[in-house]
Amino acid sequence: MDTGGNSLQSAAPDGVKRKVCYFYDPEVGNYYYGQGHPMKPHRIRMTHALLAHYGLLQHMQVLKPFPARDRDLCRFHADDYVSFLRSITPETQQDQLRQLKRFNVGEDCPVFDGLYSFCQTYAGGSVGGAVKLNHNLCDIAVNWAGGLHHAKKCEASGFCYVNDIVLAILELLKVHERVLYVDIDIHHGDGVEEAFYTTDRVMTVSFHKFGDYFPGTGDVRDIGYSKGKYYSLNVPLDDGIDDESYHFLFKPLIGKVMEVFKPGAVILQCGADSLSGDRLGCFNLSIKGHAECVKFMRSFNVPLLLLGGGGYPLRNVARCWCYETGVALGIEVDDKMPQHEYYEYFGPDYTLHVAPSNMENKNSHQVLEEIRSKLLDNLSKLQHAPSVQFQERVPDTELPEAEEEQNEADERWDPDSDMDVDEERKPLPGRVKREIVEAEPKESEGQKGSSGHARGFDTTIAENASGKAVDAGPKQIDEAGVRVEQENVNKASSDQMFSKS
């Protein structure tokens, strides 16, 4: 099978080491969507625990993201929507029913304690990763708390409130003429596609379940509009797709995209709900099959931002993202799981990998051939590496010089150190509930919502890449045994609402 990768000059052997920056805030696992809600930020803490006990943290720079501020979020989201997210609380929501409806906050996207802080945290990690890549301080940046791809300019959607991916792409566009976004979550990456539907500077590629399934968008005929025509690529799939069928599409399509579009940077959204046995999903990918997509993207040796996304059995999400962090580092992780604080979640086998099920693959080879031919034909109509008027300049989001020389081994995670608490980062009392982990039901719950959203394309998003910078540089975390690295990044108060000039 033609993978399309080996012919590229930028392709590199899998064994070549990459410099990896990993963003993690120890508080992220405390946020709690509510009883019975499938989305559990606690999975990020479980992933981190696996990374620590597998010894992967010591091979990468571990950073605690600066929270994104109002002005950062307003680079994409509407001012009044950001103001609403900042002010709404479980105690005040009954007084704002009209606003809740207007911004689609409610059942799928509930109001919970610390909602805005949660948004600031996961968005700060994604933007911080983009900043690191822009400054050539790493080859791969990882933020498993990010990847919330459904959020729109003026509304929440599908468990997503702030679209950290769009914000990261806007940051990358300050330095790179073209940015590629690839989405392997089981749900269509509608929020990101919509934001960049009319530009040729961002190509979006989404592999997803299509049919009677949330969000209801992502038809193979949705290809972009105006200057963005053919720069949206949708790969609609049916239930039960396995590793072989998935790669039959993924590798030749992405290989061709890399050859024709020649992106300066890539974002890969690694939603784990496309794995076999997901609580809300219906695909049949193995963890190695899912991670093969990460491995393939890594082989092109282009600046790469890895983000999380969906994924609803906690244990399988943690397994997947731990293994894929190893792939990013070029380290093969043992299947036998080390003892750690969440060890009991992974019984009775206590292994990293789980076998796919014997569910029927409803994606016939003929249909897959038709999809592949159609999309390769669309790619053949692209102008090779479209150029833009572009002025070379230092990005507005600057990092202090001191940070560049501080990723030697002695500044990395010390497995023997005690867990320190950064006093300035403690949550206010009562602000965030500590999640009480629920037993996961054996029966899968219903899909995320049912109705799609009408497109509201913003034709100026990608063209605003030279706008005000997102000042959300990273700092090393002072919890979970990671040393602190101080930075003199200019931080404004996030209590002050940003008003556009």
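These legends accompany several close-up views of a predicted model.

Local features are described where pLDDT is at least 70, and side-chain atom pairs count only at pLDDT 80 or more, while totals for chains, interfaces and linings use all residues. Residues are numbered from 1 along each chain as its sequence is written, and side-chain values use heavy atoms, with hydrogens and water left out.

**View 1. The annotated active-site residue, His150.**
Let us start with a position taken from a record: an unreviewed UniProt entry places the feature "active site" at His150. UniProt positions are given in the numbering used here with shortened feature names, and such annotations may be inferred rather than shown by experiment. His150 sits in the loop between strand S3 (140–143) and helix H6 (164–172). Helices (H or I, at least four residues) and strands (E, at least two) are DSSP runs, numbered from the N terminus. His150 counts as buried because its relative accessibility is 0%. Here, buried means under 20% relative accessible area, exposed means over 50%, and partly exposed lies in between (1.4 Å probe, protein chains only).

**View 2. Three residues annotated as a binding site.**
The unreviewed UniProt entry gives the annotation "binding site" to Asp108, Gly158 and Tyr312. They span 205 residues in sequence, yet no two of their C-alpha atoms are more than 14.0 Å apart, so they gather at one spot. Asp108 belongs to the loop between H4 and helix H5 (115–134) and is partly exposed, with a relative accessible area of 27%. Tyr312 lies in the loop between strand S8 (304–307) and H10, and at 0% relative accessibility Tyr312 counts as buried.

Side chains of opposite charge can pair when their charged atoms come close. The structure holds 12 salt bridges, each being a side-chain nitrogen of Lys or Arg within 4 Å of a carboxyl oxygen of Asp or Glu. In one of them, the side chains of Arg102 and Asp80 meet at 2.3 Å, N to O. This pair links distant parts of the chain, with Arg102 in helix H4 (residues 97–102) and Asp80 in helix H3 (residues 79–87), 22 residues apart. Arg102 is partly exposed at 46% relative accessible area, and Asp80 is partly exposed at 35%.

Lys209 and Asp238 form a salt bridge of 3.3 Å, N to O. The two link distant parts of the chain: Lys209 is in strand S5 (residues 202–209), and Asp238 is in the loop between strand S6 (232–237) and helix H8 (243–261), 29 residues apart. Lys209 is buried, with a relative accessible area of 12%, whereas Asp238 counts as partly exposed at 29%. Salt bridges that share partners join Lys209, Asp238 and Asp239 into one network.

**View 3. The buried pair Arg69 and Asp72.**
Arg69 forms a salt bridge with Asp72, and their closest N and O atoms are 3.5 Å apart. Both Arg69 and Asp72 are buried.
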